[in-house]
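Subject: Structure handover

Hello,

Here is the structure I promised to pass on. Please have it open while you read.

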Amino acid sequence: MKKVLFVCLGNICRSPLAEGLAKHLANEKGVSDQFYFDSCGTSRYHIGEQPDDRTLKNAANNGIKLDHQARQFEKKDFRDFDYILAMDAANLSNIKILDQAKQFGDKLYLMRDFDPNNPGADVPDPYFGGEQGFQNVYDILERSVNNFIETELI
Ligand code: 4NP
């Protein structure tokens with residue numbers, strides 16, 4: 001069982017969508033028993049909240065159901081998870097700061113390290129933009145999460 005944690009800033013837009021997509025895709029491929037997926041945020045801004053209404057709407061339009069309450073990244077996540085996938089360089093950098101003894105670097109990735117299209121780029125923060133930004137995030141995550149699962153299959 002591979003334990004995978006998706007991380008963004010607020011845990012209400014990008015990372016809960018990545019988590020929902022991952023569960024959906026693993027289910028569709030019949031490999032959900034190989035993975036455990038969760039998501040969180042580096043900030044405490046939205047702890048306890050449901051995903052943003054625009055994220056919920058976008059996910060529903062794409063046939064994905066989200067069931068997640070925002071939580072903040074905690075240091076125990078370094079031990080609990082095998083893969084920590086940050087949505088952008090700023091969030092990855094903030095996670096690295098919390099890894100003071102630099103013990104967990106081999107678990108830390110950018111989500112788009114797994115995007116065959118423009119690998120290593122940021123998943124753009126859609127929070128202050130319009131609905132098109134949410135579909136752009138969806139398209140990026142669908143490619144990246146799908147490729148991640150395919151890469152990690154036994
Ligand atoms: P997320 O988006 O990190 O993809 O969940 C954001 C959510 C909230 C804020 C910024 C980005 N905020 O500034 O409150």
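Below is what was found in it, part by part.

One point before the rest: this is a predicted model.

**The strands**

Start with strand 1, residues 2–8. Strand 1 pairs with strand 2 in the parallel sense, over seven bridges. At Cys-8, the residue standing opposite is Gly-41 in strand 2. Strand 1 also pairs with strand 3, again in the parallel sense, over four bridges. There, Phe-6 stands opposite Leu-85 of strand 3.

Strand 3 then pairs with strand 4. That pairing is parallel too and runs over three bridges. Leu-85 turns up again here: its bridge partner in strand 4 is Tyr-109.

How enclosed is strand 2? Strand 2 spans residues 35–41, and six of its seven residues are buried, so the rest of the structure largely encloses it. Strand 3 is covered on both faces. Tyr-83 and Leu-85 are buried on one side, Ile-84 and Ala-86 on the other.

**The crossovers**

Strand 1, helix 1 and strand 2 make one, and it is right-handed. Strand 3, helix 4 (residues 89–98) and strand 4 also make a right-handed unit.

**Helix 1**

Helix 1 covers residues 14–29. It has 16 residues and reaches 22 Å from its first C-alpha to its last. That is close to the 22 Å expected at 1.5 Å a residue. Its buried residues include Arg-14, Pro-16, Leu-17, Leu-21 and Leu-25. Glu-19 is among the buried ones as well. What do the buried residues of helix 1 pack against? They pack against strand 1, strand 2, helix 2, helix 4 and helix 5. Gly-30 follows the helix, with a positive phi near 75°.

**Helix 5**

Helix 5 runs over residues 131–152. It has 22 residues and reaches 31 Å between its first and last C-alpha, close to the 32 Å expected at 1.5 Å a residue. Among its buried residues are Phe-134, Val-137, Tyr-138, Leu-141, Phe-148 and Glu-152. The cover over the buried residues of helix 5 includes strand 1, helix 1, strand 2, helix 2 (53–61) and strand 3 (83–86).

**Aromatic rings**

The structure holds ten aromatic pairs. One of them joins Phe-114 and Phe-148: the ring centres are 5.0 Å apart and the planes stand at 90°, so the pair is edge-to-face. Why does this pair tie together parts that are 34 residues apart in sequence? Because Phe-114 lies in the loop between strand 4 (108–110) and helix 5, whereas Phe-148 lies in helix 5 itself. Phe-114 and Phe-148 are both buried. Ring pairs also link these two with Tyr-83 and Tyr-109 into a cluster. Tyr-83 belongs to strand 3, and Tyr-109 to strand 4.

**A charge over two rings**

Last, look at Lys-3. Over which rings does its charged end sit? One is the ring of Tyr-36, with the charged end 5.3 Å from the ring centre. The other is the ring of Phe-81, at 5.6 Å from the centre.

Over to you.

Best wishes

Key. Residues numbered from 1 in each chain as written. Predicted model: local features only at pLDDT ≥ 70, side-chain atom pairs only at ≥ 80, totals over all residues. Heavy atoms only, no water. Buried < 20%, exposed > 50% of the residue type's maximum accessible area, 1.4 Å probe, protein only. Helix = DSSP H or I, 4+ residues; strand = E, 2+ residues; numbered from the N terminus. Pairing = 2+ DSSP bridges. Right-handed = clockwise from strand over helix to strand, strands pointing away. Expected span 1.5 Å × (residues − 1). Contact = heavy atoms within 4.5 Å. Phe/Tyr/Trp six-rings, centres within 6.5 Å; stacked < 30°, edge-to-face > 60°. Lys NZ or Arg CZ within 6 Å of the ring centre and 35° of its normal.
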